[in-house]
Structure formats: structure tokens, C-alpha cells
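Subject: Structure for you to look at

Hello,

Here is the structure I said I would pass on. Please open it first and then read the notes below it.

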Amino acid sequence: MRGGAILVATMGAMGAFDQLGAAQPRINSVPLMGGAASIGLGLAIGRPDRRVIVVDGDASLLMQLGGLATVAERQPRNFHHFVIRNGTQFSGFSNLATPAEDIVDFAAMAKAAGYRGASSFSDAAAFSEALPAILAEDGPIFTELRVTPPPPIPGANTQFEIPPQQFVRMGAEAVALSAWLAERGND
């Protein structure tokens, strides 16, 4: 289903894609919390021949809501923006509440900013069924998936990469993505 789409992930999505072994073309927006949409937009503009799939988090999107307007202004037809909404930050560890969780309507905000389409799902089966049609649409398309966060683990021994290591990783991912795209050309 992904084909040759470029995958841009943030925070929690990065960990999930690491566990799934998601391969190139891929880059993570870590430690740039909130930067996934902007990185994805740059890739979508630079490579209009490739679909770009951004997998964002609700807390990350809140940090840079202006990204919605910037994406909408450029209208990249190859841009799909997914937000995993679990209402927490540092999910599975401390599960800090995401600010304004009860009042923010991300899909309405994306639509108001100018995305071509925006939808929200709280049922994984319904989302799975709709996904092929969502990916077939011209972007920019915004899709929110509401999920239950994993339970917190108070006092868990967290082995986070520290920012310098995260920048090194992100830099290496950018080099690898660039090489992958140069090798594959337009195929």
C-alpha cells in the first residue's frame, strides 16, 4: 500500500516504525517535535513524483500548528498527513496530558486551513477500510486516528536518545534518504 512513498514520522511513530522495520524511503522528525509536516512538505515540493506520508502525533502537531497553514498554502497533491491522537505526551512512560485535548478539532483545523480533505477515525477497522481511498486522493489530505495510549509505567527506566544523538541519527537518515532517492530516480 505504501509503494515508494516517502515516510516522515515523529516521536512515537518513529518507535513504532523502528519496531516494524519500516525501510527507505524514510526519515524521522526527531528531535524536531512538531517538524514532521514541514519536513514532509519540503520533500513533497522537492519530489512531486513521490507521495509523501507524514505520521504525526497530536502533541507534536500542537507544537507547530502553523504547519497546517503552510502545507495548505502550497497545496502539494502528493502530501498525506496522518495524526495519531492519543491525548498524551511521552506515551507509555509518564503519559502527560496533551494540552487542550478536549477542545481541539484537528480535522476541522486542517480543513479550515485549506487541506483538500480532512477526516477523523476512532475505529481502527473503519480506518483500515478507508485507508486505500484516502491514499488515492490528491493532497493535501489530513487524517486523524484516535487511539488509546498505552498505560503509563511510573518510574520506568527510560532509555531515550538524547538530542545530540537524535540529531546525528536524523542527519544519517537524511543522507540515507537522499542516496536512496538518487539511486531510484523516478521509479
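The protein chain exposes about 9300 Å², and carbon and sulfur atoms supply 60% of that area. Please keep in mind that this is a predicted model, so every value here is computed from predicted coordinates.

As for charge, the chain carries 13 positive and 17 negative side chains. The centres of these two sets lie 7 Å apart.

Overall shape

The C-alpha atoms fill a box of roughly 50 × 35 × 30 Å, taken along the principal axes. Does the radius of gyration agree or disagree with that of a compact globule? For 187 residues, a compact globule would have a value near 16 Å, and the protein chain has 16 Å, so the two agree. Of the 187 residues, 42% count as buried; a residue is called buried when its relative accessible area is under 20%. Among the contacts with a separation of 6 or more, 73% are between residues 24 or more positions apart.

The strands

The chain contains 7 helices and 8 strands.

Strand β1 covers residues 6-9. Its pairing with β2 (residues 26-28) is parallel and has 3 bridges, with Leu7 opposite Arg26 of β2. β1 also pairs in the parallel sense with β3 (residues 52-57), over 4 bridges. Two of the partners there are Ile6 with Val52 and Val8 with Val54.

β3 in turn runs parallel to β4 (residues 79-85), and 6 bridges join them. In this pair, Val52 has Phe79 as its bridge partner, and Ile53 has His80.

Which way the side chains point

In a regular strand, side chains alternate between the two faces of the sheet. In β1, Ile6 and Val8 point one way, while Leu7 and Ala9 point the other way. All four of these are buried. In β3, Val52, Val54 and Asp56 are on one side, and Ile53, Val55 and Gly57 are on the other.

Ala59 is part of helix α3, residues 58-63. Is Ala59 buried or exposed? Its relative accessible area is 8%, which is below the 20% limit, so Ala59 counts as buried. Leaving aside residues up to four places away in sequence, Ala59 touches Met33, Thr88, Gln89 and Thr98. The C-alpha atoms of Ala59 and Ala100 are 9.9 Å apart, although 41 residues separate the two along the chain.

If you want a place to start, find β3 and trace its pairing to β1 and to β4.

Regards

Note on methods. Residues numbered from 1 in each chain as written. Predicted model: local features only at pLDDT ≥ 70, side-chain atom pairs only at ≥ 80, totals over all residues. Heavy atoms only, no water. Rg over C-alpha atoms; globule rule 2.2 N^0.38 Å. Buried < 20%, exposed > 50% of the residue type's maximum accessible area, 1.4 Å probe, protein only. Contact = heavy atoms within 4.5 Å. Areas by Shrake-Rupley, 256 points an atom, 1.4 Å probe, with all protein chains shown as cover. Lys, Arg positive; Asp, Glu negative; His and termini not counted. Charge placed at Lys NZ, Arg CZ, Asp CG, Glu CD. Pairing = 2+ DSSP bridges.
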